[in-house]
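Please keep the sequence and the structure in view while reading.

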Amino acid sequence: MSAIITVSNLQKYFKVYHHHRGIIGSVRNLFTHEYTLIHAVDGISFDIRPGELVGYLGPNGAGKSTTIKMLTGLLVPTGGDLLVNGFVPWRSRQEYVSRIGAVFGQRTTLWWDLPVIESLELLQHIYHIPPDRFDENLAEFRQILELDPFLNTPVRSLSLGQRMRADFCAALLHNPALLFLDEPTIGLDVVAKERIRQFILHVNREHGTTILLTTHDLSDVEKLCDRVMIIDKGRLLFDGALEALKSQFGGKRELVVDFAESYSDLTIPGATITRSEGLRTVYQFDRNTVTASELISRLSTRFRLHDLAVREPDIETTIRRIYEEKLLEP
Ligand SMILES: Nc1ncnc2c1ncn2[C@@H]1O[C@H](COP(=O)(O)OP(=O)(O)OP(=O)(O)O)[C@@H](O)[C@H]1O
Ligand SMILES: [Mg+2]
């Protein structure tokens, strides 16, 4: 099937002007226009097919939100090409936004002072949603997102989890073919996160909605995305299956050991020491060559142990490693 999103060599540069302080500085500001050019998105290309649910990952400042803002028509690219569902987002913004949905975890798209239901009704008019479709969609989302207890509450009085559910409903009332999510689970407790994840899956599977999602939460990615893209410093470092990423770069696990007393030589075969502080030592091992229980038995025959924990590297660490060790050069 042909792509629903085509991004080629997309760029966004921001000019950040230097600001001199003080009286002399403010005079200088009048005459000099020195600036630093920030390459927020620096030549990114990818295709997304209809119905895909793709994770767009990367450390803080990588350029994820900037990309989403260009995809949703909020920002005009500095260079490159962008075609989403037949639209150049920023060029036909008015018509375009009535065909996509977007949820930004950091801010609401609803009217702050209006009760939730009135916000939704306003959107019905803005998007020209036929009454029967509106009723049908609202009935569905009300039930799944459990909106009823706060439908008449002003948005500003909602808890974060409630606000996010209302935002999801608002983003999907007009049956968009595409949904862009920028950190939709940020700040939510585990139960609320799980509810949102189930909803994202429902929308993708039942409505066939194509979804691009940014998140810092590994569980979001594990539960939702088959395909992930990783960016850093505005460049695409990885684009492929989550499983491929994990087996390629996430193969290392950590064993954290608290010893009951101090020993001079803590080396054991099959693991390397990455950190040692006080009585705590962190070993790294490759899960394809040795198991945690083998290591633990090697340790316990030689040392007195107080406590143990096995840790999986999180996606953030994996991404950092990929970047710092230059494992993937774009
Ligand atoms: N309006 C702006 N003016 C100047 N610089 C900007 C602007 N918006 C973003 N940037 C810069 O562009 C870079 C990418 O920012 P962006 O918000 O896209 O990162 P992000 O990947 O979403 O990070 P986070 O995970 O922290 O949300 C950062 O260096 C940021 O400071
Ligand atoms: Mg962001």
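## Overall make-up

Of the 330 residues in the chain, 45% are buried. The model is a predicted one. Its secondary structure comes to 11 helices and 13 strands, and the C-alpha trace spans about 75 × 60 × 45 Å along its principal axes.

Two domains divide the chain: domain 1 takes in 50-81 + 88-247, and domain 2 takes in 251-312. Their centres, taken over C-alpha atoms, are separated by 42 Å. Among contacts in the chain between residues at least 6 apart in sequence, 70% join residues at least 24 apart.

## The sheet of six strands

An open sheet of 6 strands runs in the order β5-β6-β7-β3-β8-β9, and its pairing is mixed. Strands β5 and β9 (235-241) are the edge strands, each pairing on one side only. From one strand to the next, the twist averages 15°.

Inside this sheet, β3 (residues 53-57) pairs with β7 (residues 210-214) in the parallel sense, over 4 bridges. Leu-53 has Ile-211 in β7 as its bridge partner. Helix α7 packs on the sheet and touches β3, β6 and β7; the direction of α7 makes about 155° with that of β7. Helix α6 lies across β5 and β6 and runs at about 165° to β5.

Strand β5 is joined to β6 (residues 178-182) by 5 bridges, and the two run parallel. The bridge partner of Gly-101 in β6 is Leu-179. At Phe-104, the charged end of Arg-107 sits over the ring, 4.6 Å from its centre.

The loop between β5 and α4 (116-126) contains Pro-115. Pro-115 has a relative accessible area of 16%, so this residue counts as buried. Leaving aside residues up to four places away in sequence, Pro-115 touches Leu-151, Asn-152, Thr-153 and Pro-154. Thr-214 is 99 residues from Pro-115 in sequence, and the two are 28 Å apart in space, C-alpha to C-alpha.

## Aromatic pairs

How many aromatic pairs does the structure hold? There are 8 aromatic pairs. One of them joins Phe-168 and Phe-199, whose ring centres are 5.8 Å apart; their planes meet at 90°, so the pair is edge-to-face. This pair links distant parts of the chain, since Phe-168 is in helix α6 (residues 160-172) and Phe-199 is in helix α7 (residues 190-207), 31 residues apart. Phe-168 is buried at 0% relative accessible area, and Phe-199 is buried too, at 1% relative accessibility.

Another pair is formed by Phe-259 and Tyr-263, with ring centres 5.9 Å apart. Their planes are at 75°, so this pair is also edge-to-face. Phe-259 is buried at 3% relative accessibility, whereas Tyr-263 is partly exposed, with a relative accessible area of 25%.

In another open sheet, 4 strands follow the order β11-β12-β10-β13, with antiparallel pairing. The edge strands here are β11 (272-277) and β13 (305-311), and each of them pairs on one side only. The twist from one strand to the next averages 20°.

Strand β11 is joined to β12 (residues 280-286) by 5 bridges, and the two strands run antiparallel. Opposite Glu-277 stands Arg-280, in β12. Which strands does helix α10 lie across? Helix α10 (residues 292-302) lies across β10 (252-259), β12 and β13, and runs at about 25° to β10.

Note on methods: Residues are numbered from 1 along each chain as its sequence is written. Chains are lettered from A and ligands numbered from 1 in the order in which they are written. This is a predicted model: local features need pLDDT of at least 70, side-chain atom pairs count only at pLDDT 80 or more; totals for chains, interfaces and linings use all residues. Side-chain values use heavy atoms; hydrogens and water are left out. Rings of Phe, Tyr and Trp (its six-membered ring) pair if their centres lie within 6.5 Å; planes under 30 degrees apart count as stacked, over 60 as edge-to-face and the rest as tilted. Buried means under 20% relative accessible area, exposed over 50%, partly exposed in between (1.4 Å probe, protein chains only). A charge sits over a ring if NZ of Lys or CZ of Arg is within 6 Å of the ring centre and within 35 degrees of the ring normal. Two strands pair if DSSP finds at least two bridges between them. Axes are lines fitted to C-alpha atoms, for helices over the stretch in contact, and angles run from 0 to 180 degrees between N-to-C directions. Contact means heavy atoms within 4.5 Å. Domain bounds come from an automatic or database domain assignment.
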